Amino acid sequence: MENQPEISNVEVFTSKASVKDYLILGKFRLSLLVAVTACIGYLVGVYKDPYAEFHFASLLLLLIGGFLLSAASNALNQVMERDSDKLMTRTQNRPLVTNSMSINEALVFAFISSILSIFILGITFNATVAFLGLGSLVIYAFIYTPLKKITPICAFVGALPGAAPPMLGFIGATGEISFIAIIIFAIQFFWQFVHFWSLAWLLHEDYLKAGYFMLPSRQGKSKNSAFQIWWYSLLMTLASAIPFLIGFSGVVYLIVAMICGGIVLWYALQLYKTLENKDAKKVMLASYLHIVFVLVALLF
């Protein structure tokens, strides 16, 4: 009996967090949107590539794998930013801030989700998709997140993993990193700046509480920041025309892409003129519509 460990001294992992806490940790709605854009990329690849075959199981596993990959990235982000989250109104009720979830619970969730997601993407598709997925997680959690308090360049770093999901889905369907896969990445890459900076405009005062430099200009809500939002709206719109110009998509796609891009450009121009939050919000909402409609229109 002397050699048996005392039960009271043995640490047993138990979870005190609720399902709601895990949904907040993984940013359920955002992660689902990320996974859906990956699925749209997969469907575009299947529809456009004569050698690609549609498998419902692959689509479902991409949805699950993409969701888990995004959830793991968000969980690691919240672990690293838990002290800063206390300072911001938008994040002060997150589970790691309110102590309704422990750091160990969040890390276990992130570890299991990341391993499962990489395994699912690798088994379902190929090593390229799995490697790119892992790279996205590493860049987002361990490079982009620390840079947020150092330099506005963090937006460029964060745009890399942010632009990856539709490309991953496309590569998963076609099996290769093609020119059109890179173009799909480029459209989403430029979109990241428009969407992210318009959101950062609305949350600027909250971000300042935690010392984040999220807008492109150190002057904050300035003409310079508004111009860069407009400039990247233009780049996004021009990049959106390339699938039509190389014969990948038809006139219907071009019309949809130009109308959606034109709407974002118009609202970005209004923001440049007024520098008001209501116009930044219009840019952000228009960017949501842009990425969904343009990705779907690639099918035509």
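A residue is called buried when its relative accessible area is under 20%, exposed when that area is over 50%, and partly exposed in between (1.4 Å probe, protein chains only). The model is predicted: local features need pLDDT of at least 70, side-chain atom pairs count only at pLDDT 80 or more, and totals for chains, interfaces and linings use all residues. Residues are numbered from 1 along each chain as its sequence is written, and side-chain values use heavy atoms, with hydrogens and water left out.

**Exercise 1.** Locate threonine 151 and classify its burial.

*Solution.* Helices are DSSP runs (H or I, at least four residues), numbered from the N terminus.
- Step 1: threonine 151 lies in the loop between helix H7 (127-147) and helix H8 (154-162).
- Step 2: its relative accessibility is 17%, so threonine 151 counts as buried.
- Step 3: with neighbours within four places in sequence set aside, threonine 151 is in contact (heavy atoms within 4.5 Å) with Phe213 and Arg218.

**Exercise 2.** Determine why helix H9 is described as largely enclosed.

*Solution.* 
- Step 1: the buried residues of H9 pack against helix H2 (28-48), helix H3 (56-80), H7, H8, helix H10 (179-202) and helix H14 (277-297).
- Step 2: just after H9, glycine 175 adopts a positive phi of about 85 degrees.

**Exercise 3.** State the number of disulfides and classify cysteine 154 and cysteine 260.

*Solution.* 
- Step 1: the structure holds 0 disulfides (pairs of cysteine sulfur atoms within 2.5 Å).
- Step 2: cysteine 154 has 0% relative accessibility and therefore counts as buried.
- Step 3: cysteine 260, at 11% relative accessibility, also counts as buried.

Technical notes. Helix = DSSP H or I, 4+ residues; strand = E, 2+ residues; numbered from the N terminus.
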